[in-house]
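Trainee: I'd like to walk through this model with you, one question at a time. Shall we start at the surface?

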Amino acid sequence: KPIENEIQELDSYCFQTVGHNMISAIGEAMGVPVIELGTKGKAICKSSSYEPNKDDEVEDLYNLLQKVLSQYPEIKGVSSGAILSNYQRIRIEHVCSRLGLISLSYLWQRDQSELLDEMVNTEGFDAILLKTASMGLNPTKHCGKSLYQLQSYFESCKLKFGLNVCGEGGKR
């Protein structure tokens with residue numbers, strides 16, 4: 001979440017902050033603890049490899065995971081939703097290796113159309129589009145709709161504009 005709680009979105013290279021104010025409610029509904037630490041959302045090291053810099057947003061993740069490990073030392077790994085972003089995956093792996101954690105990337109290089117189909121057909125799961133910055137998608141027209149409602153439109157935008165249907169490379 002952004003350091004300033006009222007800010008909804010940061011121009012972050014690594015983190016999605018839209019909807020951060022709902023995380024506590026999701027944790028409560030799932031019956032799991034939520035540990036939060038604000039981020040500046042500023043990338044200092046933008047190269048394909050990562051070198052730690054105390055002012056880089058990746059170090060906010062490092063500090064958060066240190067806090068988590070101090071409260072839950074039995075934790076052994078971190079799961080991320082990276083599908084195609086080497087930038088994100090490399091940084092998460094770097095932080096995990098520094099903390100002795102395993103980086104779990106279950107979605108890594110999955111076919112996005114298949115993954116989207118799994119998401120929209122999972123019983124009890126109804127994902128809503130909160131933000132878009134992609135060719136062919138209009139925030140006024142598409143935000144607030146379920147991925148189920150938008151699936152065929154996403155697929156047509158994939159053919160027409162090269163849209164990544166799961167939002168990689170622009171977070172849809």
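Trainee: How much accessible area do Met22, Ile23, Ile26, Met30, Val32 and Val34 have together in their nonpolar patch?

Mentor: First, a caveat: this is a predicted model, where local features need pLDDT of at least 70 and side-chain atom pairs count only at pLDDT 80 or more, while totals for chains, interfaces and linings use all residues. Residues are numbered from 1 along each chain as its sequence is written, and side-chain values use heavy atoms, with hydrogens and water left out. A patch takes residues with over 30% relative accessible area and no salt bridge, joining nonpolar side chains (Val, Leu, Ile, Met, Phe, Trp, Tyr) within 5 Å and like charges within 9 Å. By Shrake-Rupley with a 1.4 Å probe, only the protein chains shown counting as cover for residues, those six come to about 520 Å².

Trainee: Which residue forms a salt bridge with Glu59?

Mentor: A salt bridge needs a side-chain nitrogen of Lys or Arg within 4 Å of a carboxyl oxygen of Asp or Glu. Here the closest N and O atoms are 2.7 Å apart, and the partner of Glu59 is Arg98. Glu59 is in α2 (57-71) and its partner in α3 (86-99), so the pair ties together parts 39 residues apart in sequence.

Trainee: What is the N to O distance in the salt bridge of Glu118 and Arg110?

Mentor: Both ends are partly exposed: Glu118 has a relative accessible area of 41%, and Arg110 has 25%. Their side chains meet at 2.5 Å.

Trainee: Which residue's backbone nitrogen lies 3.5 Å from a polar atom of the Thr132 side chain?

Mentor: Thr132 is in the loop between α4 (112-120) and α5 (139-142). Thr132 is buried, at 11% relative accessible area. The backbone nitrogen at that distance belongs to Ser134.

Trainee: In what order do the elements run from the N terminus?

Mentor: The protein has six helices and two strands. Listed from the N terminus on, they go α-α-β-α-β-α-α-α.

Conventions. Helix = DSSP H or I, 4+ residues; strand = E, 2+ residues; numbered from the N terminus. Buried < 20%, exposed > 50% of the residue type's maximum accessible area, 1.4 Å probe, protein only. Polar contact = N/O pair within 3.5 Å; in protein donor to acceptor, adjacent residues only side chain to side chain.
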